[in-house]
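Here is my notebook from an afternoon with a protein model. Please follow along with the sequence and the picture beside you.

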Amino acid sequence: MNTRITPDITYEIQANVWLYPGMAGWHFVSIDKKTAEEIKDNHGYLRKGFGSIPVEVTIGETTWKTSLFPDKSGEYLLPLKADVRKKEGIKMGDTLTVSLRIKL
């Protein structure tokens, strides 16, 4: 087991909101490949089930805990909870500034 501790790093990205075609109502943003690779390199040892990595996310005035999920394209997917979308007025196609802090 890797017990390496990496200092907290916050990643800030801009990404478009999209609707997952196979599951009604699930909205996501994709973490670009470059940032995803950096997250995997720095924090891959924190992987949980399905390769997920725990994060604290801030969009606008809303902060919550969730996980990033790896995608076969090499990106990570960030699910956007319905209550967050409602609070922040987020809809499909919006471009968001997303702050991700990896949870140790």
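**Entry 1: a glycine in a loop**

I looked up Gly74 and found its place in the loop between β4 (62-70) and β5 (76-80). I am working on a predicted model, where local features need pLDDT of at least 70, side-chain atom pairs count only at pLDDT 80 or more, and totals for chains, interfaces and linings use all residues. Residues are numbered from 1 along each chain as its sequence is written, and side-chain values use heavy atoms, with hydrogens and water left out.

For the strand names I rely on DSSP runs numbered from the N terminus: helices are H or I with at least four residues, strands are E with at least two.

Is Gly74 buried, partly exposed or exposed? I noted partly exposed, because its relative accessibility is 34%. My cut-offs are under 20% relative accessible area for buried, over 50% for exposed, and partly exposed in between (1.4 Å probe, protein chains only).

Next I asked which residues Gly74 is in contact with, leaving aside neighbours within four places in sequence. I wrote down Lys33 and Ala36; contact means heavy atoms within 4.5 Å. I also checked Gly74 against Gly93: they are 19 residues apart in sequence and 21 Å apart in space, C-alpha to C-alpha.

**Entry 2: a threonine in a strand**

I then turned to Thr66, which has its place in strand β4. Thr66 counts as buried because its relative accessible area is 19%. Not counting residues up to four places away in sequence, I found that Thr66 touches Ile53, Pro54, Val55, Val57, Leu78 and Pro79.

**Entry 3: who pairs with whom**

How many bridges join β1 to β6? I wrote down seven, between β1 (residues 10-19) and β6 (residues 95-102), which run antiparallel. Along β6, I saw Leu96 standing opposite Ala15.

β1 also pairs with β2 (residues 27-31), in the antiparallel sense, over three bridges. In β2 I found Val29 as the bridge partner of Val17, and Phe28 as that of Trp18.

My last stop was β2 with β5, an antiparallel pairing over five bridges. There His27 stands opposite Leu80 in β5. I also noted that β2 is mostly covered, with four of its five residues buried.

Terms used
Two strands pair if DSSP finds at least two bridges between them.
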